[in-house]
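User: I am new to this structure and would like to go through it in short steps. Can we start with how its helices pack, then turn to charged pairs?

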Amino acid sequence: MIGRRSLIRRGSAAAGALALGAGAGLVTAAPASAAPDAPGFLPLPDHVKPLPDTGDGYRLERVGRNGYVLIAGIVQCVFVVTREGVVLVDAPPAARAAIRAAIPSVTDKPVTHVIYSHDHADHIGAAGDHPEATLIAHKDCAALLTAYADPARPVPHRIIRDHHKVIHIGGEEIHFIYPGPNHEAGNMMIHFPRLRLAHMADVVMPGWAPYRAWGNADNIPGLLTAHDAILDLDFDTFCGGHVYRTATRAEVTQSREFFVDMWTTTVRKSSEITSGDAAAAVVEKENVWAVQKVWIDRIAQAVTSELIDRWGTRIAAVDTFTPDCVGALVVSTFTDAPVNFP
């Protein structure tokens with residue numbers, strides 16, 4: 001990647017690594033030789049595709065003297081080698097084998113700390129692989145994990161209760177920043193200022209349109225707040241937890257612009273396409289769910305068409321999950337959107 005020090009060890013995302021990962025419960029992408037009646041999608045821009053693969057299913061990008069972003073398929077995590085040991089940010093189960101191989105490839109130090117970005121299993125479901133490590137999470141994440149009682153996601157030992165907390169581990173300064181509810185309650189940014197490296201899961205998908213319905217986001221307006229909080233940081237490399245590559249500041253800014261465009265276009269189309277018109281297409285007018293579905297589907301189709309025109313060649317997969325994301329936005333506009341948002 002231009003302007004970034006990279007170290008490739010034993011592979012990156014291969015064609016066969018298109019799955020979100022073992023145990024994630026999600027399907028793999030169709031092969032290039034898909035059946036003739038398979039649905040067609042916009043081609044991926046070259047700048048979002050997997051980087052060259054050397055065969056073992058993961059890519060290790062070096063950040064500064066002692067920081068690393070590990071990419072296995074389309075899951076990502078971060079680790080930093082300190083004087084005391086390794087600080088691991090997230091432990092995705094789909095990257096379990098890659099983590100076990102990648103860390104020993106650069107250091108003989110043990111994992112002493114695991115930081116949870118948030119509670120979702122696809123990001124921290126392999127945390128139990130490090131029983132000797134100190135686990136760190138935001139208090140809201142800790143509360144959820146306590147309720148889950150999932151041995152694969154142990155309750156953290158150290159709790160972040162502030163909106164901005166600085167902790168020093170093995171000579172490394174680490175900033176924990178919580179901008180408020182966003183993708184999930186307790187989803188934090190982790191910033192290594194000396195390395196100019198930032199991590200926040202499931203908010204920015206570098207070069208891609210958002211995942212289906214914003215990945216089951218707790219608070220959609222909070223996603224914009226999170227983008228702004230990321231852009232307040234001083235960083236060169238951003239790890240978003242998913243897709244094939246890390247992000248630059250420009251790509252985080254692009255993600256923010258796409259969010260705002262989708263939101264404002266959804267608001268505009270929601271006023272142009274009325275629920276009364278939708279009701280005319282429903283036989284039983286009392287079936288309010290049916291009326292809402294017709295109305296939201298019409299908005300989603302109109303918004304997606306506009307966004308494809310503006311963004312379809314600039315970012316990946318604008319034509320896939322955008323209708324689901326628009327549907328979620330419609331509901332958010334009249335349930336949890338702040339006044340004068342965005």
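User: At what angle do H5 and H6 pack?

Analyst: This is a predicted model. In it, the axes of H5 and H6 are 10 Å apart. The angle between H5 and H6 is about 155 degrees.

User: Are H5 and H6 roughly parallel or roughly antiparallel?

Analyst: Angles over 145 degrees count as roughly antiparallel. H5 and H6 pack at about 155 degrees. H5 and H6 are therefore roughly antiparallel.

User: Is the crossing of H5 and H6 left-handed or right-handed?

Analyst: The helices meet through residues including Leu224 and His227 in H5, and Arg256 and Phe259 in H6. As for the hand, H5 passes H6 in a crossing that is left-handed.

User: How many residues in the contact of H5 with H6 are nonpolar?

Analyst: Three residues of this contact are polar and three are charged. The nonpolar ones number ten.

User: How do H6 and H8 cross: roughly parallel or oblique?

Analyst: The axes of H6 and H8 come within 9 Å and cross at roughly 140 degrees. Angles over 145 degrees would count as roughly antiparallel, and 65 to 115 as roughly perpendicular. That makes H6, relative to H8, oblique.

User: Which hand does the crossing of H6 and H8 have?

Analyst: Residues that meet here include Asp261 and Lys269 in H6, and Glu306 and Arg310 in H8. The crossing in which H6 passes H8 is right-handed.

User: How many residues in the contact of H6 with H8 are charged?

Analyst: Eight residues of this contact are nonpolar and four are polar. The charged residues number six.

User: Which residue does Lys269 meet in a salt bridge?

Analyst: Side chains of opposite charge can pair when their charged atoms come close. For Lys269 in helix H6, the partner lies in helix H8, so the pair ties together parts that are 37 residues apart in sequence. The N to O distance is 3.4 Å, and the partner is Glu306.

User: Are Lys269 and Glu306 buried or exposed?

Analyst: Both belong to a network of salt bridges that also links Asp261, Arg268, Glu272 and Arg310. Lys269 and Glu306 are both buried.

User: How far apart are the closest N and O atoms of Asp234 and Arg196?

Analyst: Asp234 forms a salt bridge with Arg196. The pair links distant parts of the chain, 38 residues apart: Asp234 is in the loop between helix H5 and strand S12, and Arg196 in the loop between strand S10 and strand S11. The closest N and O atoms are apart by 2.8 Å.

User: Are Glu61 and Arg59 buried or exposed?

Analyst: The side chains of these two meet in a salt bridge, 3.2 Å from N to O. Glu61 and Arg59 are each buried.

User: How many salt bridges does a search of the whole structure find?

Analyst: The pair of Glu61 and Arg59 is a salt bridge, and so is the pair of Asp234 and Arg196. For the whole structure, the search finds 18.

User: What is the relative accessible area of Trp311?

Analyst: Trp311 lies in helix H8. Leaving aside neighbours within four places in sequence, Trp311 is in contact with Gln254, Glu257, Phe258, Asp261 and Val318. Trp311 is buried, and its relative accessible area is 4%.

Note on methods. Residues numbered from 1 in each chain as written. Predicted model: local features only at pLDDT ≥ 70, side-chain atom pairs only at ≥ 80, totals over all residues. Heavy atoms only, no water. Salt bridge = Lys/Arg side-chain N within 4 Å of Asp/Glu carboxyl O. Buried < 20%, exposed > 50% of the residue type's maximum accessible area, 1.4 Å probe, protein only. Helix = DSSP H or I, 4+ residues; strand = E, 2+ residues; numbered from the N terminus. Axes fitted to C-alpha atoms, helices over the stretch in contact; angles between N-to-C directions. Parallel < 35°, antiparallel > 145°, perpendicular 65-115°, else oblique. Left-handed = near helix turned anticlockwise from the far one by under 90°. Contact = heavy atoms within 4.5 Å. Nonpolar A, V, L, I, M, F, W, Y, C, P; charged D, E, K, R; others polar.
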